[in-house]
Amino acid sequence: MNRSTPRLEIFADRIRDNARAIVTQCAKHGVQVAAVTKVLHAHPVLLQALEDTGITMLADSRLQNLRQIAECGTSLPTMLLRAPGRHDIDDTVQLADISLNSSLTTMTALSEAAVRAGTHHGVIVMVDVGDLREGVWPDHLVDVVSSAAALPGIDVKGVGTNLACYGGVQPSVENMTRLVQLRDMARAATGLELGLISGGNSANLPLMMSGAMPSEINNLRIGEAIILGRNTLDRSPWPQTRQDTVEVVAEIIELERKPSIPLGRTGEDAFGQHVTFTDRGIRLRAICNLGRQDVNPSDLAPVDPGNIVLGASSDHLIVDMTDSSESVEIGTEVRFWPTYAGLLATATSSAVWKAAATPHRL
């Protein structure tokens with residue numbers, strides 16, 4: 001196995017335990033879990049971790065990730081989270097059992113592709129209940145569902161919504177009840193079962209656990225809470241989950257004692273920012289082989305609490321190692337916990353190796 005740096009290490013057993021805990025919590029409220037794989041780029045280690053956890057579906061926003069899921073041979077149905085572009089229609093029908101859609105134009109194209117392929121494609125019609133990302137406006141829902149149901153090769157499975165992503169609107173009794181009411185209106189107008197109501201993502205878990213989420217909500221699309229064990233409303237640890245599930249590993253390529261403040265007149269840095277510095281005197285500073293091309297330095301927290309991330313250029317991460325709990329030298333590996341944004345960036349970067357965690361770290 002390649003242990004090159006920079007590296008993203010994935011603790012499969014910990015993620016598996018998280019998934020099982022959340023599936024159990026959701027089952028008590030009649031909710032099935034579609035596990036969202038995008039933040040780890042649908043890496044095979046993640047897919048293996050999710051096996052036999054009780055999830056009912058694998059969900060991703062990128063077709064290349066769904067293709068990787070297909071190549072891994074999973075028997076679980078798949079969901080495309082982002083509506084496909086016009087050049088992705090045939091691949092969507094091939095790779096996704098269900099897709100989230102709000103455009104009748106797109107659903108018509110999916111219908112034509114399904115007919116060509118001699119198959120059926122499921123759709124969840126997304127409704128915007130306030131976050132102002134994707135979704136038909138509520139007063140258009142009945143017309144869109146009616147028109148979609150008439151398309152050959154299209155099975156309208158239900159309705160869904162998304163919250164706490166773009167506008168930051170939190171799931172509430174009011175907007176979840178509104179989603180159920182809209183489903184009921186569309187069901188009455190069309191005669192369709194519309195049995196699946198996908199109420200949102202990890203942000204819905206607190207409302208669900210409080211017992212206040214309407215019982216008709218029977219599907220959630222869960223990513224961060226499984227993979228990072230976080231309550232996405234405030235990033236606090238989610239009950240019965242672990243947060244030490246992934247680590248970003250970089251290598252020291254320079255180690256020198258230097259002043260804390262640059263010498264000379266300063267202006268904008270390489271990214272057009274005016275950076276301020278804190279004078280801590282002469283400090284032991286490490287340069288690690290990781291940069292802003294791979295991750296924003298503010299999205300990394302050192303595993304060793306004595307280390308301080310100072311900043312980064314495109315290819316160099318600068319870390320204050322003066323108070324490190326371990327002796328360090330050129331070649332020493334330095335470990336970091338990533339935020340959700342940091343994990344998304346490093347998992348997507350082609351310059352960061354991805355691997356199962358080393359045995360000694362388990």
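Biologist: In what sense do strand S4 and S5 pair, and over how many bridges?

Modeller: Strand S4 (residues 78–80) and S5 pair in the parallel sense over 2 bridges. Two strands count as paired if DSSP finds at least two bridges between them, so S4 and S5 qualify. Met79 has Ile98 in S5 as its bridge partner. Before we go on: this is a predicted model, where local features need pLDDT of at least 70, side-chain atom pairs count only at pLDDT 80 or more, and totals for chains, interfaces and linings use all residues. Residues are numbered from 1 along each chain as its sequence is written, and side-chain values use heavy atoms, with hydrogens and water left out.

Biologist: And what makes something a "strand" or a "helix" here?

Modeller: They are DSSP runs, numbered from the N terminus: helices are H or I with at least four residues, strands are E with at least two.

Biologist: Which other strand pairs with S9, and over how many bridges?

Modeller: Strand S2 (residues 32–36) pairs with S9 in the parallel sense, over 4 bridges. Gln32 has Asn219 as its bridge partner in S9.

Biologist: Why is Cys72 called partly exposed, while Cys288 is called buried?

Modeller: Buried means under 20% relative accessible area, exposed means over 50%, and partly exposed is in between (1.4 Å probe, protein chains only). Cys72 has 42%, so Cys72 is partly exposed. Cys288 has 0%, so Cys288 is buried.

Biologist: While we're on cysteines, how many disulfides are there?

Modeller: The count comes to 0. The rule asks for a pair of cysteine sulfur atoms within 2.5 Å.

Biologist: What makes you say both faces of strand S5 are covered?

Modeller: In S5 (residues 98–101), Ile98 and Leu100 are buried on one side, and Ser99 and Asn101 are buried on the other. In a regular strand the side chains alternate between the two faces of the sheet. Strand S9 (residues 219–222) has Asn219 and Arg221 pointing one way, Leu220 and Ile222 the other, and all are buried.

Biologist: Now helix H6: how do you know that its buried residues are on the same side?

Modeller: The buried residues of H6 (residues 141–149) are Leu141, Val144, Val145 and Ala148. They cover an arc of only 95° around the axis, which puts them on the same side of H6. That arc is taken from the directions from the helix axis to the C-beta atoms. An α-helix has 3.6 residues a turn, so residues three or four places apart point the same way.

Biologist: What covers them?

Modeller: The cover includes helix H5 (104–117), strand S6 (121–126), strand S7 (154–160) and helix H7 (173–190).

Biologist: Why is Thr92 called buried, and what does Thr92 touch?

Modeller: Thr92, in helix H4 (residues 89–95), has a relative accessible area of 0%, so Thr92 counts as buried. Contact means heavy atoms within 4.5 Å. Not counting residues up to four places away in sequence, Thr92 touches Leu63, Leu80, Pro84, Ser99, Leu110 and His121.

Biologist: Where is Asn307, and why is Asn307 called buried?

Modeller: Asn307 is in the loop between strand S14 (300–302) and strand S15 (308–312). Its relative accessibility is 7%, so Asn307 counts as buried. Leaving aside neighbours within four places in sequence, its contacts include Pro302, Val319 and Met321.

Biologist: What makes the backbone at Leu194 and Arg235 worth a look?

Modeller: Leu194 has a phi near 50°, a positive value in a residue other than glycine. Arg235 isn't a glycine either, and its phi is also positive, about 65°. Most residues other than glycine have a negative phi, and most peptide bonds are trans. Leu194, at 1% relative accessibility, counts as buried, whereas Arg235, at 42%, counts as partly exposed.

Biologist: Which peptide bond is cis?

Modeller: The one from Thr5 to Pro6, with omega near -5°. Pro6 is in the segment before strand S1 (7–10).

Biologist: Last one: how do you know that Arg292 lies over the face of Phe271?

Modeller: A charge sits over a ring if NZ of Lys or CZ of Arg is within 6 Å of the ring centre and within 35 degrees of the ring normal. Arg292 is at 5.0 Å from the ring centre of Phe271 and lies over its face.
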